[in-house]
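Visitor: Please take one part of this model and look at it closely, setting out what surrounds it and how it relates to the rest of the chain.

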Amino acid sequence: MQGLTMKSLRAHYSLVPLFACVGGGALFATYYLYRLTQNLDASWNRGKNPHPWTNVKENQQTKFLAVETDYKTLKHPRPRYDD
């Protein structure tokens, strides 16, 4: 296929940023799906863990990107369900 070999990429070097952006997007999407399966926000099996939000610790970061919030020192005024 023309455009997908190293020889044709050397001839059409303007396609390199396109392949880099598409490859980076695919890697980011794969990482995000992996992170979704490991995080407590998504409940894949309701039988074993019907309420996943009760297992979140008080200073655990659940957001994908926290710009100004330091979760290590954050205290939430929420009720405790330690029963």
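**Around arginine 35**

Guide: Once the neighbours within four places in sequence are set aside, arginine 35 is in contact (heavy atoms within 4.5 Å) with Thr62, Lys63 and Phe64. The model is a predicted one, in which local features need pLDDT of at least 70 and side-chain atom pairs count only at pLDDT 80 or more, while totals for chains, interfaces and linings use all residues. Residues are numbered from 1 along each chain as its sequence is written, and side-chain values use heavy atoms, with hydrogens and water left out.

Arginine 35 itself belongs to helix 2, which spans 16–38, and its C-alpha atom is separated by 9.2 Å from that of phenylalanine 64, a residue 29 positions apart from it along the chain. Phe64 is also a member of a nonpolar surface patch that it forms with Phe28, Tyr31, Tyr32, Leu65 and Val67, and the accessible area of these residues together is about 680 Å².

Valine 67, one of the patch members, is found in the segment after helix 2 and is exposed, with a relative accessible area of 71%, where exposed means over 50%, buried under 20% and partly exposed in between, with a 1.4 Å probe. Leucine 74 also lies in the segment after helix 2, but counts as partly exposed at 25% relative accessibility. Not counting residues up to four places away in sequence, leucine 74 touches Glu58, Asn59 and Thr69, and its C-alpha atom is 9.1 Å from that of glutamine 60, 14 residues apart in sequence.

For the chain as a whole, the secondary structure comes to 2 helices and 0 strands, and buried residues make up 10% of the 83 residues. Of the contacts with a separation of 6 or more, 15% are between residues 24 or more positions apart.

Methods: Helices (H or I, at least four residues) and strands (E, at least two) are DSSP runs, numbered from the N terminus. Patches are made of residues with over 30% relative accessible area and no salt bridge: like charges are joined within 9 Å, nonpolar side chains (Val, Leu, Ile, Met, Phe, Trp, Tyr) within 5 Å. Accessible areas come from the Shrake-Rupley method with a 1.4 Å probe; for residues, only the protein chains shown count as cover. A salt bridge is a side-chain nitrogen of Lys or Arg within 4 Å of a carboxyl oxygen of Asp or Glu.
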